[in-house]
There are 2 protein chains.
Amino acid sequence: MKGPWAVGVDVGATKIEAARVNLGGMVGDSIRTATNVSGGPKAIIADILEAVRTLTERAGSDPAGVGAGIAGQIDRDTGSVRFAPNLGWRDVPLRADLEEALGIDTVVTNDVRAATFGEWLHGAGRGYNDIVCVYVGTGIGGGVVAAGRMLSGCTNTAGEIGHITIDLNGPPCTCGNRGCLEALAGGWALARAARLMIEEDPKGGRTLLEMAGGITADVSAETIARAAKKGDAMALRLLEDAGRALAAGCVSLVNAFNPCRLILGGGVVDGVPELIDRVRRGLDQRALPAARAGVEVVPAVLGPIAGVVGAGSLALHIRSDQGQA
Amino acid sequence: MKGPWAVGVDVGATKIEAARVNLGGMVGDSIRTATNVSGGPKAIIADILEAVRTLTERAGSDPAGVGAGIAGQIDRDTGSVRFAPNLGWRDVPLRADLEEALGIDTVVTNDVRAATFGEWLHGAGRGYNDIVCVYVGTGIGGGVVAAGRMLSGCTNTAGEIGHITIDLNGPPCTCGNRGCLEALAGGWALARAARLMIEEDPKGGRTLLEMAGGITADVSAETIARAAKKGDAMALRLLEDAGRALAAGCVSLVNAFNPCRLILGGGVVDGVPELIDRVRRGLDQRALPAARAGVEVVPAVLGPIAGVVGAGSLALHIRSDQGQA
């Protein structure tokens, strides 16, 4: 890997991924460690520092910057983490701490926004000025690029597309609302719907339950995807419901944002790629024709490295556009 | 009115409003004519030209530009009207026709976007870089300013916020989808809901029916607003349902766009100003706290002149930012 490079860091609830990223979005050497949530910010920051130093040493050259994506709300001006529920963080001055320890310019952003930045610069959104990324994993997150800029909003929380309401009478969401897109099509919601369905119809749910080792609480989106592949009726019905909800949410996004590309990624989409066609059909049937005509629905291409690619790229580009984070 | 000025034109389905607008957003002399829909584009364009010439003659100075807002899809590059269902227009080269006849730089935009531009520059959104305008009239339209730019999207149709899905099992919308915000909270939807409710419960609907002259088909959002002011239970219930739907839609908008100001306007909001407080309460209960904290919910202040102010201002500003239309 030649030329200037940055360290991209993706801080997730279970693992921290750090990698060298160059201007072409190529990922070189990388390091993965388990996230030491119980150790608090201090332990995690120490692990990030360790990773950056190791990558630098092995590279034999200094990084031009460090970019960190983290699941939480980030203060745009200071790069502090206001709130990261999965890590239990509140008001952690991540950027200041990293910069002080490393002496390297650092940028901190939301993890999903980092992934969107990666897909925009080096993935499925490359060359487009208007894209929407929808990541369907345990929850649903996303990012929006409009007129060639990443939307960040008034207080840097724009793009919470998992929490658009698609059924105002729908089931409760973890956010306190009802009928959010995430509460109908996210991985945790799929698992919840499966548990309820199995309770109501134990016979129909036998296959699902068996595949989860007989423990209802262990039925996950992944179990459902596997059962659906075997033709299990209940699993297929659960995916049909989730697909319908995801399509409805995407109709809202296409009508509101009018993107050129709607990019679908995340564990659930990777496990059930049929969802992409389901969304296409939903848009055909229900989106405004003028908005539908403008948008191509495509899978994300960077997969699990989108976060590090995006965070690293952000660090390389940040000097020319402070507004992009 | 001193200094440079432009003509702002608001082309609606029933009337054309044209006015002198200066850099301060002040409206001077104005002309209103009925929209000659049956005469086709030729008749309407002739009326616009006539209005511009009359305003110019009376002013004794030439306008710096002409801005026209029109209910339809506009081609961003050519200023042609791709489709304006209410006028029955398809592919009308409005900008080219006006420029050729007048010899004055002209900008053509969507009418609701023009109004949003007016509120942004000279109304309730003044000084903010992130605003969402929601206009609740017969239908629901809106506009979004993000990071100091009007969102236009990939094919210039961004901001169709009346057609975000808020109830995927909801009643049909005119757009072909179901459960759109407009299909639950727009003026026509309120009237439809009233008709259904009166049919089901003629006794409870007596007041509403009487106020509409005994003709069910004549019950309108305005009838409902008047009946609600008198304490009519059915009217109050209709407004409660519509308010709940409007609040749910605004939760989606606040979570997705994270605006600093959410601006509510349009005939239904003007007639039922309590809807503004209903939206505030809905956001308190259901929006993501970080997004809720950043947004102030306020009424539009320019009222029916927002369109001409916005279109005229756009014409005055267009040279410095072609991207704003």
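A residue is buried if 20 or more other C-beta atoms, placed from the backbone, lie within 10 Å of its own, exposed if 12 or fewer, and partly exposed in between. The model is predicted, so that local features need pLDDT of at least 70 and side-chain atom pairs count only at pLDDT 80 or more, while totals for chains, interfaces and linings use all residues. Residues are numbered from 1 along each chain as its sequence is written, and chains are lettered from A in the order in which they are written.

Helices (H or I, at least four residues) and strands (E, at least two) are DSSP runs, numbered from the N terminus.

| Residue | C-beta atoms within 10 Å | Class |
|---|---|---|
| A:Thr78 | 14 other C-beta atoms | partly exposed |
| A:Asp91 | 11 other C-beta atoms | exposed |
| A:Asn258 | 27 C-beta neighbours | buried |

A:Thr78 occupies the loop between strand 5 (73–74) and strand 6 (81–84) of chain A. Beyond four places in sequence, A:Thr78 is in contact (C-beta atoms, placed from the backbone, within 7 Å) with A:Pro93, A:Arg95 and A:Ala96.

A:Asp91, in strand 7 (residues 89–92) of chain A, has a positive phi near 50 degrees. A:Asn258, which is not a glycine, likewise has a positive phi, of about 50 degrees; A:Asn258 lies in the loop between helix 8 and strand 12 (261–265) of chain A.

Between the chains, 44 residues of chain A are in contact with 44 residues of chain B. Helix 8 of chain A gives the most to the side of chain A that touches chain B, with 8 residues.

Key:
Two residues are in contact if their C-beta atoms, placed from the backbone, lie within 7 Å.
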